[in-house]
Amino acid sequence: MSRRLLTYLCIDTSGSMNGEPIVAVNAGLQALLTSLRSNPYALDSVHLSITTFDSEIKEVLPMTPVADIMLPEITCPKSGATLLGAALEDICAQVQRDVRKSSATEKGDWKPMLVILTDGKPTDTMAYSEVIPRLQAAGFAKILACAAGPKSDAAQLKRLTDFVVSLDTMDATSFAKFFEWVSATFSKDSQSRGATDSVELPPPPPELNVVL
């Protein structure tokens, strides 16, 4: 059984993402999928899951091989909370369910990846604080987080991971550049994992600001 590269996408669908931002995210996800399908290494190993969060947590795409994905249309309510803490708790449970561990007779899956996209800050601050150590101990090879737009809180994301990028604007061009970079990351990662379980990130495009 081939080793899988499981990738979790955790996407903010709170009310502020309604309109052009969520349209751009849907377009970006479609471009991401098309790009991964054109890469034989990614096509062979990458599996994707998509979880959205607002006042509810929804696993809109269970973990699925890239070749078999039928992307759902992601929608937003007109208003609602940003339950990022609850979403990450759900991701932790998914990792426990999805990742195949190594055994005496075969190697398990590669360490998974997590990508978080949010344009705000968690409204469930206690749950967010409590889930951070659990998520960091869940065995991810890399956690990437994107703070989109002027109301996002990159400092909160830095508590979770060292690698945070920010987008100044939330238009189609900016989100497209973000998903292009994510695609390049997955493609490079799937190609290099045969030699190592570490992840080297490609340099982000100028539209993405690395948060130091």
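1. Buried here means under 20% relative accessible area. Trp181 has 3% relative accessibility, so Trp181 counts as buried. Keep in mind that this is a predicted model.

2. Staying with Trp181: its ring and that of Phe163 are stacked, 5.8 Å centre to centre with 20° between the planes. Phe163 sits in strand E6 and Trp181 in helix H6 (residues 172–192), so this pair ties together parts 18 residues apart in sequence. Phe163 and Trp181 also belong to one aromatic cluster with Phe178 and Phe179.

3. The whole structure has four aromatic pairs. In one of them, Tyr8 and Phe140, the ring centres are 6.1 Å apart and the planes stand at 90°, so that pair is edge-to-face. Tyr8 is in strand E1 (residues 5–12) and Phe140 in the loop between H4 and E5, 132 residues apart. Both are buried: Tyr8 has a relative accessible area of 0%, Phe140 one of 12%.

4. Now the strands. E4 (residues 113–118) and E5 run parallel, joined by six bridges, with Leu117 partnered by Cys146. Helix H4 (residues 125–136) carries the chain from E4 to E5 in a right-handed β-α-β crossover. E5 also pairs with E6 (residues 163–167), again parallel, over five bridges; there Ala148 has Leu167 as its partner. Six of the seven residues of E5 (residues 142–148) are buried.

5. Helix H1 (residues 20–37) checks out: at 1.5 Å a residue, its 18 residues should span 26 Å, and the end C-alpha atoms are 26 Å apart. Buried residues in H1 include Ile22, Val25, Leu29 and Leu33.

6. One more contact: Arg3 lies over the face of Trp110, 3.7 Å from the ring centre.

Notes:
Residues are numbered from 1 along each chain as its sequence is written. This is a predicted model: local features need pLDDT of at least 70, side-chain atom pairs count only at pLDDT 80 or more; totals for chains, interfaces and linings use all residues. Side-chain values use heavy atoms; hydrogens and water are left out. Helices (H or I, at least four residues) and strands (E, at least two) are DSSP runs, numbered from the N terminus. The expected span of a helix is 1.5 Å times one less than its number of residues. Buried means under 20% relative accessible area, exposed over 50%, partly exposed in between (1.4 Å probe, protein chains only). Two strands pair if DSSP finds at least two bridges between them. A crossover is right-handed if, with the strands pointing away from the viewer, the path from the first strand over the helix to the second runs clockwise. Rings of Phe, Tyr and Trp (its six-membered ring) pair if their centres lie within 6.5 Å; planes under 30 degrees apart count as stacked, over 60 as edge-to-face and the rest as tilted. A charge sits over a ring if NZ of Lys or CZ of Arg is within 6 Å of the ring centre and within 35 degrees of the ring normal.
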